[in-house]
Amino acid sequence: MIAVISECLRRLQLRRKTFLVLWGLLIAACCIYSLRLTANTDIQVLIPQNKDTPPEFFAYLQNAPFLHTLTITVGNSDGAASLLAAAAAESLRSSLIPHVLTSPGAAPAFDRLSALFAYLPVLLSVEQIAGLAPLFSPEIIRETLRRNRQLLLGPSGPAFRGIVALDPLGLRFPLLRNLAPGNLPAKISPRDGQVVDPSGNYALIIARPEAAMSDSAAAAQVMAAVRASLSSLPKEAEVFIGGSYRHTEANAKIIKADLRRVVPISLLLVAIIFFLFLRSRQALAIVAVPMASLCIAATATGIAQENISGIVLGCGGVILGITADYAIHAHYAFSETDSAQRALRGLCPPLLAGFCTTAAAFAALCTSAIPAIRQMAVFGTSAVTAALCLSLFLLPLLRRPRCGPQGEVNAPLLPAAPPAAPRAALTCALLALCVCISLAGFSRLRFDGDIRNLSYSSPEMLQDERRIRDIWGMSGEDAFIVVPENRSGEGFEHLLRKNETIRDILRSDGISASSAAPFLPSARRQKERLEAWRIFRQQQGDAGLRRLGAIAPEWGFSAAAFAPFAAWFQKEPQPITPAELEALDLGLFPRLYLAQTPEHFLAYTVLNGSSSLPQATRHKAEQAGGVFISGPAFRERTAQDVGSDILRFCLLTCAAVFCVTALFFRSPVRFCAVLLPMAAGAACTVALFLFSGTKVNMFHAVALPLVIALSIDYGIFTQAVLEGRMPAGGRKGVLVSALTTLAGFGSLLLARHPALFSLGAAVSGGVAAALLTALLIQPRTFRICTSPRTKASQG
């Protein structure tokens, strides 16, 4: 391998200018391509996708319509919340936000009731229809007419004349209860049908924008429109905004801000390190290696992946620090020898070993169930591969060989004296201690599967969401049952039947839930209700109407005052179809529970105030065709994925590390000495997790294999210097390369996005521990183990 690399470099040097131009064109093309890349700020790249989880699971989660809404609460202490909500809703409606709901329907009250009454027999359950009979008793009729008279004599009486004429007995109230949002402890304001809280001081607005929730640019436009519309409200009005669009906008902003902050700071720190340790004109050439590697890696990832996550691009500062290592070691090797070929003989073995371990750590990330981590695998592997090629085949072309006294590279791989067995045991004991600490600590780690902890939320957002939960009694946990049905033949009718079965199962087990079943019953269920209505009308019809006509004059109503009610009651009811339901303009509520994909119709049933189901109920729901999805269950599954990911990453990385290290350092003593920095870095990282009480998230899972791979590099290069395989300046190269890596990961500590900060915090401590071990402990243990025995020790 060394001979091949040396021969390639010799041929490149023969045509130095030509290959410099080709390298320049390649790097320039990659720079242009990478600058045109758009960072994907969608948090969906953090959702695990593994073989144990059906692909449909994520489709159901992503298509849940109630998760694609904005929840706006408007408050006013003087009881005018309903009026404020109506004004805000009118201002919000636009091409960006066509669906805005403040009440069960968007039409005026009388028109809505007129339309709804035509379908009331099929929108009430059989039990509710039977429960209407007492409304036709003389006592209830008198009490209802008395309340109607007081209502009509009040300030809002003119607005209710049509409603009272159409529904003098209050048949509308069971219907309105069916249409109310069942997952809120709200009441329907008797004045204008607004959804208000029990105190009457807060009103609810639910908005469904047209844009996709994951589109960061569209989310920013939606939120700008929302803020502009709500700015017209009085200053004393309280406004709380929650929902996925606000989170998408906030994450996109913070990721872009972190990109603008982290990468320049990382570049600045690396430049300062180069200035302090590499004060030569030729050393400036190594600056090109990490920057060019970053551009090449971004290009490779952009070609391999459809969209690059902004979180992955935010790790650009880390990539700068890692790839600078190769250029730094190459610089010291070429600087202290008078021949590039001679420098390669000492440089290639440790450089290739370090490349294999780092590339193996990044390659291990390809096995992750999380798309963002798989993207990081491609990004990191491409970067270190580019850095290796640039350090071996470009850097020598940018510098001239040094003349004069040179640092000597000794041929022997081992000092003359063999290691003393008792002293060699010291290295093995130190290594075993670090490994035991790592394994014992790993078994006690706690894993965090809550993706919300990797999503940025500003203090204002958290405060608004907390107030919304307090006002409406929301649990903050989403749990629902989704029913899928193929879009073929009578698929939609089958969907409605399954959805009703799910609702019946939950009701029979005493579990409160909201679904589309009250709005759109199946044809079979409608037939049952129409039959129940005919029986009810036969029993109460003529006698009930005569009773109403006889009692009406007692409260000042004429005999013809309720003619609209009599005409509706005697009319033959008709079933409702999806098109007629859409024409009723019931606002968002049907849309909150129905969705469709190119392959399926989807119906959602949302649990009210609960994030779990009894096992028996869940089993019955799944037998009926439902799929149960809940926040706690999803987090538990994600935590298991994180735990399995970190174990798999570490096993694969350690296997690669052991193989590479054993190949290059075959003596057990040398093998253990090289592993010391790695073991110390891993032990320190695990200890930091334990002592800080930090739960390991999916980006912490990336940190441990990276610490292992980077730490072994320091051990490999330090050992090569100690054995004389590289010039003495190589130890300085270890220090400088570790500092650039710390600069890359340390810059992430300035990131405000939790995912980037997590990665920086986890790796920095481990790399620092590995550096101290490589510079201070590894040389001493190696000298102790390999020093000749004195006579006293022999005696």
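**Briefing: strand and helix contacts**

Glu 238 is located in strand S7, which covers residues 238-243. The structure is a predicted model.

- Leaving aside residues up to four places away in sequence, Glu 238 touches Thr 73, Val 74, Gly 75, Tyr 202 and Arg 467.
- One of these residues, Thr 73, lies 165 residues from Glu 238 along the chain, and the C-alpha atoms of the two are separated by 7.9 Å.

**Strand S9 and its partners**

- Strand S9 comprises residues 479-486, and seven of its eight residues are buried, so the strand is largely enclosed by the rest of the structure.
- S9 pairs with strand S13 (residues 627-630) in the antiparallel sense, over four bridges.
- S9 also pairs in the antiparallel sense with strand S12 (residues 600-607), here over seven bridges.
- Phe 480 takes part in both pairings: Ile 629 stands opposite Phe 480 in S13, and Val 606 is the bridge partner of Phe 480 in S12.

**Helices H13 and H17**

- The axes of helix H13 (residues 288-304) and helix H17 (residues 371-393) come within 8 Å of each other and cross at roughly 140°.
- H13 is therefore oblique to H17, and the crossing of the two helices is right-handed.
- On the H13 side, the contact is made by Val 289, Ala 292, Ser 293, Leu 294, Ile 296, Ala 297, Ala 298, Ala 300, Thr 301 and Ala 304.
- On the H17 side, the contact is made by Gln 375, Val 378, Phe 379, Ser 382, Ala 383, Ala 386, Ala 387, Leu 390 and Ser 391.
- The residues of this contact between H13 and H17 comprise 14 nonpolar, five polar and no charged residues.

**Helices H27 and H28**

- Helix H27 (residues 668-692) and helix H28 (residues 698-722) have axes that come within 8 Å and cross at roughly 150°.
- H27 and H28 are therefore roughly antiparallel to each other, and H27 passes H28 in a right-handed crossing.
- H27 contributes Arg 670, Ala 673, Val 674, Leu 675, Pro 677, Met 678, Gly 681, Ala 682, Thr 685, Val 686 and Phe 689 to the contact.
- These residues meet His 700, Leu 704, Val 707, Ile 708, Ser 711, Ile 712, Gly 715, Ile 716 and Gln 719 in H28.
- By class, the contact of H27 with H28 divides into 13 nonpolar residues, six polar residues and one charged residue.

Definitions and conventions:
Residues numbered from 1 in each chain as written. Predicted model: local features only at pLDDT ≥ 70, side-chain atom pairs only at ≥ 80, totals over all residues. Heavy atoms only, no water. Axes fitted to C-alpha atoms, helices over the stretch in contact; angles between N-to-C directions. Parallel < 35°, antiparallel > 145°, perpendicular 65-115°, else oblique. Left-handed = near helix turned anticlockwise from the far one by under 90°. Contact = heavy atoms within 4.5 Å. Nonpolar A, V, L, I, M, F, W, Y, C, P; charged D, E, K, R; others polar. Buried < 20%, exposed > 50% of the residue type's maximum accessible area, 1.4 Å probe, protein only. Pairing = 2+ DSSP bridges.
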